[in-house]
Amino acid sequence: MQVRPQAAFEWLWKSAGDVLDGPMRAIQSHIGAHRMAYVFLLPNLLVFGLFSFWPMLLNFYIAFTGGQSVILADRPLVGLDNFRELLACPSYLDPRTCGVAGYSFWTGLWNTLFFALVQVPLMIVVALATALILNRDIRARGFWRAVYFYPVMLSPVVVAVIWDWILKRRGILNATLEKAVETWNAITPTFLMMADYRAINWLIDARSGWPMFWVIFVYTWAHLGFYMLILLAGLQAIPRDLYEAAQMDGTSKSRQFWRITLPLLMPTMIVVLVLSLIRAFQVFDEVYVLTGGGPGQATKMMIQHIYESAFIGDAKRYGIAAASSVLVALLLMVLTFLQLAVTRKKAGN
Amino acid sequence: MGDVIRFLTRTRGRGRLHWSDWLTYAYLILSLLVVVLPIMWMFLSSVKSPAALVENDPRILPYTQLSVPSPTGGRDQNVFVHTRADGTTVDVAFVNPRGINARVYELGKPDTVFEVPRTSLARKEVVDPRWENYTEPTLGSTQSRTFNFLRYFWNSTFVTVMATLLTLIVNAMAGFALSKYKFRGRDAMALTIVATLLIPPTVILVPLFMTVSSLGMLNSLWGVIIPTIATPTGVFLLRQYMLTIPDELLEAARMDAASEWKIFWRIILPLALPALSVLAILSVMWRWNDFMWPLIVLTQSEVFTLQLGLSTFKGELNDNMHYLLAMTVLTLLPVTLVFVFLQKHITSGIANTGLK
């Protein structure tokens with residue numbers, strides 16, 4: 001007798017349900033059919049409660065405790081000490097004037113702010129341009145959409161390995177640039193010749209801004225497709241007749257863009273802005289694997305500071321990490337409210 | 001500026017290509033290079049020999065220098081192409097250097113060793129993909145000490161499969177309760193669950209770690225799986241979908257004395273299959289690629305997932321670049337296969353829900 005895979009799967013599916021049917025039926029006869037809703041909700045609420053809400057409350061408490069123990073009862077209350085250590089800086093703009101924890105915190109904060117303020121506008125502009133291009137009547141649109149989206153599927157570690165391999169001092173990027181300069185010098189007259197190319201240590205050269213540049217580039221490279229896709233969906237939701245009507249009235253293309261495309265795309269743009277900003281403030285994986293926060297502290301981000309305070313080294317400073325988390329949460333909250341306010345104002349218009 | 005906008009928004013005219021179409025395709029091809037070349041370069045590099053990787057051979061194909069067994073039983077001798085003074089060439093095997101010259105013999109004639117200037121020698125190379133980069137760490141013949149691929153692969157697969165199954169069931173149950181029952185506090189509960197979206201997982205790292213540690217789940221794969229299975233996005237997605245399933249179906253089943261569980265399992269789940277498959281794809285992607293949470297929970301290498309193993313392996317100073325690249329390719333292969341076969345579902349699922 002031959003077993004069809006589909007039949008086997010159906011049998012498995014049914015019996016899996018039937019195994020649980022007995023106990024569930026018993027509960028139902030006990031509490032009544034309409035209260036079964038609570039039973040269905042229970043696993044979710046348990047997990048949420050235990051691993052989201054409870055930790056959130058716990059975080060506030062841990063922020064006021066010191067010591068190195070993971071057991072709550074063994075953690076002495078230290079009042080505002082953790083916050084004092086993070087915030088007691090003669091000058092916030094120069095983290096070197098702070099204490100050890102403050103140095104790490106403010107370096108991470110400024111780096112993250114810089115990262116977010118450069119990366120988010122860059123990402124939105126490039127994602128919008130790409131979405132507008134893909135919204136044109138081009139051949140093989142599905143293929144192109146897949147190409148841009150593919151990096152989103154890659155894990156941060158894979159992305160970091162790929163780019164680290166390219167950006168090594170003796171990697172392919174330097175080799176290509178060197179070859180390009182060589183070729184240029186070979187075919188151009190003397191007065192246009194360039195100096196010989198000297199390989200740059202893209203991710204290690206501390207004095208240049210290259211490490212931060214590549215961190216921003218690689219992060220944008222990895223996430224662009226996601227935002228492009230959302231914007232493309234927004235563009236495709238704009239009714240075609242609007243453009244046809246504008247065409248009839250002789251409205252210029254640029255006017256159509258400013259008066260039709262952009263206003264109607266605004267809700268999508270705001271979603272993209274909120275998502276990308278919140279994500280940018282939580283950047284960790286790609287950067288941590290690519291540069292480890294280096295050279296020195298040049299690309300050390302906020303979350304890396306929290307992670308390292310709590311989990312790296314001999315001194316596990318859970319209190320400092322939790323206090324930093326509270327400050328980051330406050331920052332994120334302020335940002336979210338600002339965005340909500342902006343959105344509401346826009347919606348009011 | 002106006003020109004740029006016009007170029008970006010213009011649709012293709014009839015007849016021949018407008019200049020803006022040229023610009024469009026130029027943009028597409030340029031970005032194709034930026035997106036695809038880095039990934040291609042890793043694929044191509046992953047079959048190169050360790051020597052080629054150490055030298056950072058910039059050529060596309062995996063060239064390896066030919067070598068022949070030494071007639072005296074020593075190390076293999078490299079093969080070079082020797083260009084004679086008259087311009088003819090001959091393949092020679094390299095015996096040893098002597099000053100600026102090299103002592104070589106013509107292949108097949110190991111008895112007549114002669115001296116030639118080293119500048120007249122060019123490596124004799126063949127294209128030879130080195131599949132051992134893939135087979136050695138996986139099949140275990142000369143398994144790298146620090147990279148136990150099969151174990152990491154199994155751990156990753158276990159986490160991904162278990163977490164996805166549990167995510168589907170737990171969130172479908174919650175979505176069912178929130179869409180098909182009227183009970184006190186339902187809306188408040190739905191709101192609370194969606195509000196968890198606002199708690200960034202990154203800012204509860206420390207307390208979550210302590211909770212997981214007090215439950216004894218550190219260095220256990222369940223410590224990675226359990227905290228992630230209740231996703232607000234999943235609940236929301238499934239609830240919205242289940243709202244479209246007509247209540248009459250449920251009523252009819254209740255007439256036939258089906259239990260509520262049976263209704264859920266036999267009617268709701270099969271009907272919600274489209275939404276479930278979107279969530280399944282997303283969950284597989286999330287869990288397979290997850291890095292930060294496993295990094296905190298798992299500290300012993302026996303329980304590492306592939307991502308942790310790779311990042312640790314990358315962080316070590318080693319000359320195992322050939323293994324690292326090959327294992328990176330193997331790590332991205334599963335999501336790539338998922339992507340190739342389910343591309344339409346993934347892109348439309350993400351575009352519709354705005355989730356990643």
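Predicted model: local features only at pLDDT ≥ 70, side-chain atom pairs only at ≥ 80, totals over all residues.
Biologist: At what angle do helix 4 and helix 8 of chain A pack?

Modeller: Two packed helices are described by the angle between their axes and the distance between the axes. Helix 4 (residues 100-135) and helix 8 (residues 210-236) of chain A pack at about 40 degrees, with their axes 7 Å apart, and they are therefore oblique to each other. Helices are DSSP runs of H or I with at least four residues, strands are runs of E with at least two, and both are numbered from the N terminus; axes are lines fitted to C-alpha atoms, for helices over the stretch in contact, and angles run from 0 to 180 degrees between N-to-C directions.

Biologist: Is the crossing of helix 4 and helix 8 of chain A left-handed or right-handed, and which residue classes make up the contact?

Modeller: The crossing is right-handed, where the near helix is turned clockwise from the far one by less than a right angle, anticlockwise being left-handed. The contact residues divide into 22 nonpolar, seven polar and no charged (Ala, Val, Leu, Ile, Met, Phe, Trp, Tyr, Cys and Pro are nonpolar, Asp, Glu, Lys and Arg charged, and the others, Gly among them, polar).

Biologist: What is the radius of gyration of chain B?

Modeller: Chain B has 30 Å, whereas a compact globule of 356 residues would have a value near 21 Å (taken over C-alpha atoms, with the globule rule 2.2 Å times the number of residues to the power 0.38). The C-alpha trace of chain B spans about 100 × 65 × 40 Å along its principal axes, and the chain has 15 helices and eight strands.

Biologist: How many cavities of 30 Å³ or more does the structure hold?

Modeller: Rolling a probe the size of a water molecule over the atoms shows where empty space is left. There are three cavities of 30 Å³ or more (on a 1 Å grid over the protein atoms alone, a cavity is a set of points where a 1.4 Å probe fits but cannot get out, a pocket is an open set with protein on both sides within 12 Å along at least five of seven lines, and lining residues have an atom within 4 Å of a point; points are joined across faces, edges and corners, and a volume is the space filled by probe spheres set on them). The largest cavity holds about 50 Å³, and its lining includes Trp165(A) and Trp41(B), with seven nonpolar, two polar and three charged residues.

Biologist: What is the volume of the second largest pocket?

Modeller: Its volume is about 1100 Å³, and among its 48 lining residues Val289(A), Ser311(B), Lys314(B), Gly315(B) and Glu316(B) lie nearest its centre. Helix 14 of chain B gives the largest share of this lining, six residues.

Conventions:
Residues numbered from 1 in each chain as written. Chains lettered and ligands numbered in written order. Heavy atoms only, no water. Parallel < 35°, antiparallel > 145°, perpendicular 65-115°, else oblique.
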